[in-house]
Amino acid sequence: MSKKLKIFILLLSLSLSGFAQEQLSLQEAITIALQNNYDIKISKNQIDMAKNNANIGNAGMLPNLTGSYTNGGSIQNTRQTPATGPDRVITGAKSTNNSYGADLNWTIFDGFSMFANYDRLKELQKQGELNARLTILTTVADVITAYYDIVRQQQLVIAADSAMDVSVLRTSIAKTKLQLGRGSKLDVLTAQVDYNTDTSNYLQTKNALQVAKIRLNQLMVRDIGTSFSVVNNIDVDKGILFSKMAEMAEQQNPNVQNAFINQRIASLTLKSVRGARYPSISLNSGYSRANSTSPTGFNQKFAANGFTYGVTASINLFNGFLQRQQERNAKIEIDNSTLTLNKTKLDVNSQLLTAYQNYSTYLDLIKLEQRNVDIAKENLDITLAKYRLGSIAPLELREAQRNAIDAQNRFIEMQYQAKIAETTLKEISGNINLSN
């Protein structure tokens, strides 16, 4: 057995041992990613923050209650000169003061701005949930793409392995012919060079397979060196209709929904700004208690406690036309949000149509390349049989072998690209099945 043939058997055994690993399904990959992915965890934390912010207190509907406490004093040397009598001199006169209390302030009307602010906070909460959903859709799409990239590379490894089989057989036939005096040393050397070329391609393809596995492990946030295998086929959904995808995108696409929310937020901002034209009415109340001592004062001791209450009303009469400026800017923001919504819809429709065009084309190419694979395989079998008989030159066999390899690789690539187009369509329409 030749040294190169031993190397081939070793590589083949390594390949087979790799495929014997524990198989990871796409559903398992998606489940792991949804549980571990950092971007998804961050988006969930942002949802919690938005929920915490969406409350009536943050909108200014609840009263403010402030407590205060003060304790201090002073030590002074004083000289008092009355209108009659001698001066009064006190050295080290110590004064103290102590007070505490609570103040309540409650704005009960501010031109409806507080209600607009509360509605705005609820819209921001919805926006946070939408952004989290967008992150989940993107992550799932990335996992699907990475998973089927592994399937593609795995199939390319098998195709490269088959090419090596043909090269090994060709080398063996060339050596046999040489021993029988019907061949030449040049044919043997050429066959060995082609075998080495196929071996190099096999090793590069296998390296690409390992790199693709690292990428998927990264998306699943687990040890990037974790070894696994995947299924060996790419199932493409061939029944997707553009009209259905477009309808779902209109209703479910996170970017479109985000644009709708931004439009509502802009309207609520204008409502809040207009609230400054109305009076602001507040209720206020408080309780305080104070004690002080002053040996140099008219009253050496003082104590007081009690409640305060009142109503405060104010209205903006003129602020240098800032109110009008703010309202105009808010109206411009509404106009911008409408333009952004229309642009987003156009962008989404354009992306959707492009993806569907690619999807339809790749489905046609799959059928074409499948036929090419069958033809190229039959051609290779016939050419190989003729080579055994010595009726054709080695160059013709190599050409048939290359055609077969190229046809198989194109067929694998078209399946993969069709799957990517299908995934893109479902991602844009917001219709990726998370359970797959």
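Strand β2, residues 88–109, pairs with strand β3, residues 280–293, in the antiparallel sense over 13 bridges. Two strands count as paired if DSSP finds at least two bridges between them. Helices (H or I, at least four residues) and strands (E, at least two) are DSSP runs, numbered from the N terminus. Please note that this is a predicted model, in which local features need pLDDT of at least 70 and side-chain atom pairs count only at pLDDT 80 or more, while totals for chains, interfaces and linings use all residues. Residues are numbered from 1 along each chain as its sequence is written, and side-chain values use heavy atoms, with hydrogens and water left out.

I turn now to the core. The largest nonpolar core has 68 residues. Such a core is a set of buried Ala, Val, Leu, Ile, Met, Phe, Trp, Tyr and Cys residues joined through side-chain atoms within 4.5 Å, where buried means under 20% relative accessible area with a 1.4 Å probe, protein chains only. Helix α4 (113–180) is among the elements giving two or more residues to this core, and its share, 17 residues, is the largest. Y147 is one of the residues with the most contacts inside the core. Not counting residues up to four places away in sequence, Y147 touches L24, S25, L26, A29, L216, V230 and V231, contact meaning heavy atoms within 4.5 Å.

Finally, G430 follows α9 and has a positive phi, near 70°.

Terms used: Buried means under 20% relative accessible area, exposed over 50%, partly exposed in between (1.4 Å probe, protein chains only).
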